[in-house]
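Please find below a colleague's note on the model under review.

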Amino acid sequence: MISPEIAARPQASALGAIDHTEPSLPMELVELELSLEGYAGGDAGFCEAVRQAAGRSGGELLFDLPAAGLIEDCRRIAVLRIPDGENMRVVLALLNHNGTEIRMQAPDEETAHLVRFADAFIEVLERI
């Protein structure tokens, strides 16, 4: 559970300047999604495919977890941190319910709690 102090902090740094009204994905997400185009399927390969794609873009895989009904047509969620100019921003890689396709998504109100968790996760890693 995230402490109330962490949950109450503004999270704009991880989200970057994402325009939620923008109908298309930012270029960084399109590039990541294209690099995952050849994904062969299955839960086991999901984490490694996302880790490699994030690494190629200068980012990193923070963690992945079961979607458990958080996002429609989603079996697993990987939380990534990728470069966004001079900053890093959190994005999501989503494995579809069939386990055959990965799509990228910028965090929104529905997944904001994952961003807060990612920020807390990063803070812990930086302190170690």
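The numbered points start with the basis of the values and then turn to the sheet.

1. This is a predicted model, in which local features need pLDDT of at least 70 and side-chain atom pairs count only at pLDDT 80 or more, while totals for chains, interfaces and linings use all residues. Residues are numbered from 1 along each chain as its sequence is written, and side-chain values use heavy atoms, with hydrogens and water left out.

2. An open sheet of 4 strands has the order β1-β2-β3-β4, with antiparallel pairing. The edge strands, each pairing on one side only, are β1 (60-66) and β4. Strands (E, at least two residues) are DSSP runs, as are helices (H or I, at least four), numbered from the N terminus; two strands pair if DSSP finds at least two bridges between them.

3. Strand β2 (residues 76-84) is joined to β3 by 9 bridges, and Ala78 has Ala93 as its bridge partner in β3. The two strands form a hairpin with 2 residues between them, and Gly85 in the turn has a positive phi of about 70°.

4. On to the next pair: 4 bridges join β3 to strand β4 (residues 102-105). Ala93 stands opposite Met104, and Leu94 opposite Arg103. This hairpin has 6 residues between its strands, with Gly99 in the turn at a positive phi of about 75°.

5. Strand β3 (residues 87-95) is largely enclosed by the rest of the structure, because 7 of its 9 residues are buried, meaning under 20% relative accessible area (1.4 Å probe, protein chains only).

Methods:
Buried < 20%, exposed > 50% of the residue type's maximum accessible area, 1.4 Å probe, protein only.
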